[in-house]
Amino acid sequence: MMLSVFDIFKVGIGPSSSHTVGPMRAALMFARALDAEGLLAATAGVRVRLYGSLGATGHGHATDVGAMLGLMGEAPDTVDPATVRPRLDAMRRSGQLTLLGRHPIGFEAGRDIAFVGRESLAEHPNGMRMVALDAAGSVLADRCYFSVGGGFVVEGGVAVAPADASAGLAWPHPFRTGDELISRASQQGLSVARLMLENEGTWRAPGEVRAGILRIWEVMQQCVRRGLGIDNASASERLPGNLNIRRRAPQLYRELLARDAGAAGADPLAAMDWVNAFAMAVNEENAAGGRVVTAPTNGAAGVIPAVLHYYRKFCPGASDDGVVDFLLTAAAIGMLYKANASISGAEVGCQGEVGVACSMAAGALAAVLAGTPAQVENAAEIGMEHNLGLTCDPVGGLVQIPCIERNAMGAVKAINAARLALRGDGSHYVSLDAVIKTMMQTGEDMKSKYKETSLGGLAVNVVEC
């Protein structure tokens, strides 16, 4: 399972890790493969075919945008969101796309990108096929990719190794299940965060790990600030798409500031309002195509930053060391879901996105509030147990309703799960491994119309304006 904390937490752009970030990565891989195989100069056209969930909700999730940016040579962690729309407008006017930024080809999105949501490939519901053609229309390359959640990509049925993975490496503390993780931590007198830090040493020095995690935290904070409207004029705009949704986080933030400046402490649930504001700020920014951190997905990107902001703002003794431990612990829990179930809404519904994020945040918060490894495992289990069966039914194929509020609910639920676990001794009836297995089984039994296709649930019972 050789994954890194930086595979679970990746910098990208909205609105979706599986539908925007993954396709961007896949298209970039395809363009680079053409270059490596000496086919780039001969390429005169590229056809992209989007299957299953990518085809069904790809318009609202900017899957076509992600694919075009990847073909241009852009990567999710380095592309400037502010340049995306002007560049695509210029491309449409010229009728040309420049592969890897240096080889122009004729390209029209309406002609060259096909959304075929009624067709699915066997390997995964998020499938995409890319074909390169020469000037005579002959096929130069034909490849399939699968965006399997959280920005992870599988090519032609073969998992693409994380960027930091190297052959022959081994963790000093290997684990694949929750029981193994907690047993190893307890037996060696390590916190889950410390165990993860020593495993990260497989790739980089502890100082690099700390700096990298704090960089992830900085991107999360920047996203919250932009979502709250701090130094961001675009936060006054309505979200893209035909739902015409106005952002709510900036107004909530202003009201909370005014309230805090007045009768401080009068509302015993004020912290909940702040958590709601933090979470919605992230997911409104995500819905607008802004810079976010997959945590573990874009659709669930607000839960962990919101709980981390709660920790920094409301928990005595909070520190950067605590932030590092929080994210290391959350990553360990996320790895368990990635290895043993799924973090793809198209595969298991939103229980695999907001549910997993809630579980990760609950266990991590318990850890930084001095919980034992057993209490961390208990908190993570509670966080998922009460998200089982959560469907993914975005209205209009947009990551807005119910996704934005759902992140706020997931963050509050994570805090409560941590508090419940910390009031116990760590012993409990349902294990984290059992609830992960149950989540996967539930996802397999869930009808496809409830798994990011916008063919069921709220998506068909709410009239689009």
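Predicted model: local features only at pLDDT ≥ 70, side-chain atom pairs only at ≥ 80, totals over all residues.

1. The description starts with helix α13, which covers residues 320–340. Its 21 residues reach 31 Å from the first C-alpha to the last, close to the 30 Å expected at 1.5 Å a residue. Of these 21 residues, 16 are buried, so α13 is largely enclosed by the rest of the structure.

2. The largest nonpolar core has 110 residues, and those with the most contacts inside it are F9, M220, I304, F326, L327 and Y337. Helix α13 supplies the largest share of this core, namely 12 residues. Setting aside residues up to four places away in sequence, F326 touches I304, V307, L308, A361, A364, L365 and V368. There is also a second, separate core of 38 residues, which includes A26, A67, L99 and I113.

3. How do α9 and α12 pack against each other? Helix α9 (residues 206–228) meets helix α12 (residues 303–314) at an angle of about 95°, with the axes 10 Å apart, and that makes α9 roughly perpendicular to α12. On the α9 side the contact is formed by W217, M220, Q221 and V224, and on the α12 side by I304, P305, L308, H309 and R312. By type, the residues of this contact divide into 6 nonpolar, 2 polar and 1 charged. Two of the residues named here, M220 and I304, are also among those with the most contacts inside the largest nonpolar core.

4. The 14 residues of α18 should span 20 Å at 1.5 Å a residue, and its end C-alpha atoms are 20 Å apart, which agrees. Its buried residues are L432, D433, V435, I436, M439, M440 and G443. What covers them includes α7 (178–187), α13, α14 (345–348), α15 (354–368) and α16 (373–385).

5. Leaving aside its neighbours within four places in sequence, K451 is in contact with S53, G345, A346, E347, V348, G349, C392, G443, E444 and M446.

6. Two cis peptide bonds deserve a look. One joins G14 and P15, with omega about 10°, and P15 lies in the loop between β1 (10–13) and α2 (17–36). Another runs from A295 to P296, with omega near 0°, and P296 is placed in the loop between β10 (291–294) and α12.

7. Most residues other than glycine have a negative phi, and most peptide bonds are trans. Against that background, L100 has a positive phi of about 55° although it is not a glycine; L100 sits in the loop between β3 (96–99) and β4 (103–106) and is buried, with a relative accessible area of 18%. N244 likewise has a positive phi of about 55°, and its place is in the loop between α9 and α10 (249–261). At 46% relative accessibility, N244 counts as partly exposed.

Key
Residues numbered from 1 in each chain as written. Heavy atoms only, no water. Helix = DSSP H or I, 4+ residues; strand = E, 2+ residues; numbered from the N terminus. Expected span 1.5 Å × (residues − 1). Buried < 20%, exposed > 50% of the residue type's maximum accessible area, 1.4 Å probe, protein only. Axes fitted to C-alpha atoms, helices over the stretch in contact; angles between N-to-C directions. Parallel < 35°, antiparallel > 145°, perpendicular 65-115°, else oblique. Contact = heavy atoms within 4.5 Å. Nonpolar A, V, L, I, M, F, W, Y, C, P; charged D, E, K, R; others polar. Core = buried A, V, L, I, M, F, W, Y, C linked by side-chain atoms within 4.5 Å.
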